[in-house]
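Hi everyone, thanks for coming along. I'd like to walk you through one structure today, so let's get it up on the screen.

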Amino acid sequence: MKLIKHIIPIAILLLIMSACSNENDMPEFPTKYVRISETSITVKTEEENKITIHPIFDSEETAKGKFTWSIADPTVAKIVTNADHSVTIQGIEVGQTTIKIESEDGKLKYFADLRTMKAYPFVNPIFLDFGTIESSSPFNTFKVADKSLTSLLDIKDYEFDYGIRINENFGSLTRTNLTNTLGFPSEVIQDFFFNDGIKVESASMSLFNLNSRLKYTFVMYASIADAGAETQYTIKGQTEETRVLVTTKNTSNVAIIENILPDENNEIKITVSAGPNNTQWAKFYNISFMAIVPEGYDLTTLFN
């Protein structure tokens, strides 16, 4: 009977191990290991989009060993192993392959799927429309004034990782009697994010996942029917610039801030507030439209 008691647990263990489809599926027993937290990794092509992956070890002692990274198909991506056991991956061609980290003696190893996607250079503007009314292409409609919007499209419908989120809440307002001479459809100019400046001194949003090496230009537009309205826009990355726009029945004027580099987190913050000469009874400030423009782009071609 004692022999049977020992055979049954061993048989169960063998059954569990045989059910694992690959080495990554092995059950977590108290043993040495190296792992990759991302079992599926996506990287875009071009050097500026390269990423670094850090492995996970069971202990500091294991991490002191020698480990190497390899890639099944080096035509898809190239890898560089770093001193801290991390690996830097740069996409070369669109495709799929696997990467592996392995100990020097081959006893510890882990695999991850790697997918590469085509990266498009930022050479065309991104148009943002603020307000609850849906706008058609080329506008990215930011409908909800306390949320975020990701995967922004440029005017050629190329998708970027860029996103924008609200930091401090705006309200939303619609005024159907507004017109413009810039060529904006009514869906863009007749709704907007706004606040009562007497109650809410300012509100802000941040662009994120930007390219740290690129300078971005911003073109802001807003209009409102109320007399005496003036809005101030402050853009902050590695530097900070401010522009003021008279928004009362504004049909053609825009505020432009050029060549802002993202901060250390690859973000740029946009703060909207009442302008210094705002005499509207509640100090309304608002934003209807913003263009994110690459450095050197001809701004005279943005409208009409």
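Let's start with one side chain, Arg165, which is partly exposed, with a relative accessible area of 28%. Before I go further, please keep in mind that this is a predicted model.

So which residue does Arg165 meet in a salt bridge? The partner is Glu267, and the N to O distance is 2.8 Å. Glu267 has 18% relative accessibility and counts as buried, because the cut-off for buried is under 20%. Now look at where the two residues sit. Arg165 belongs to strand 13, residues 163–166, while Glu267 lies in the loop between strand 20 and strand 21, so this pair ties together parts that are 102 residues apart in sequence.

How many salt bridges does the count come to? The count is nine, and I'll show you a couple of the others.

Take Lys109 and Glu102, please. They form a salt bridge, and their closest N and O atoms are 3.6 Å apart. Here Glu102 is buried, at a relative accessible area of 18%, whereas Lys109 is partly exposed, at 26%.

Next on my list is Lys50 with Glu47. The closest N and O atoms of this salt bridge are 3.7 Å apart. Is Glu47 buried or partly exposed? With 43% relative accessibility, Glu47 counts as partly exposed. Lys50 is partly exposed as well, and its relative accessible area is 38%.

Let me move from side chains to the backbone. As a quick reminder, strands of a sheet pair through backbone hydrogen bonds, either parallel or antiparallel. In our model, five strands form an open sheet, and if you trace across, the order is 11-10-23-17-20, with mixed pairing. Which strands are at the edges? They are strand 11, residues 139–142, and strand 20, residues 255–260, and each of these pairs on one side only. Neighbouring strands of this sheet are turned by 20° against each other on average, ignoring direction.

Let's zoom in on one pair within the sheet. Strand 17, residues 216–221, and strand 23, residues 289–294, run antiparallel, and six bridges join them. If you want a landmark there, find Phe218, which stands opposite Ile292 in strand 23.

Definitions and conventions: Residues numbered from 1 in each chain as written. Predicted model: local features only at pLDDT ≥ 70, side-chain atom pairs only at ≥ 80, totals over all residues. Heavy atoms only, no water. Pairing = 2+ DSSP bridges. Helix = DSSP H or I, 4+ residues; strand = E, 2+ residues; numbered from the N terminus. Axes fitted to C-alpha atoms, helices over the stretch in contact; angles between N-to-C directions. Salt bridge = Lys/Arg side-chain N within 4 Å of Asp/Glu carboxyl O. Buried < 20%, exposed > 50% of the residue type's maximum accessible area, 1.4 Å probe, protein only.
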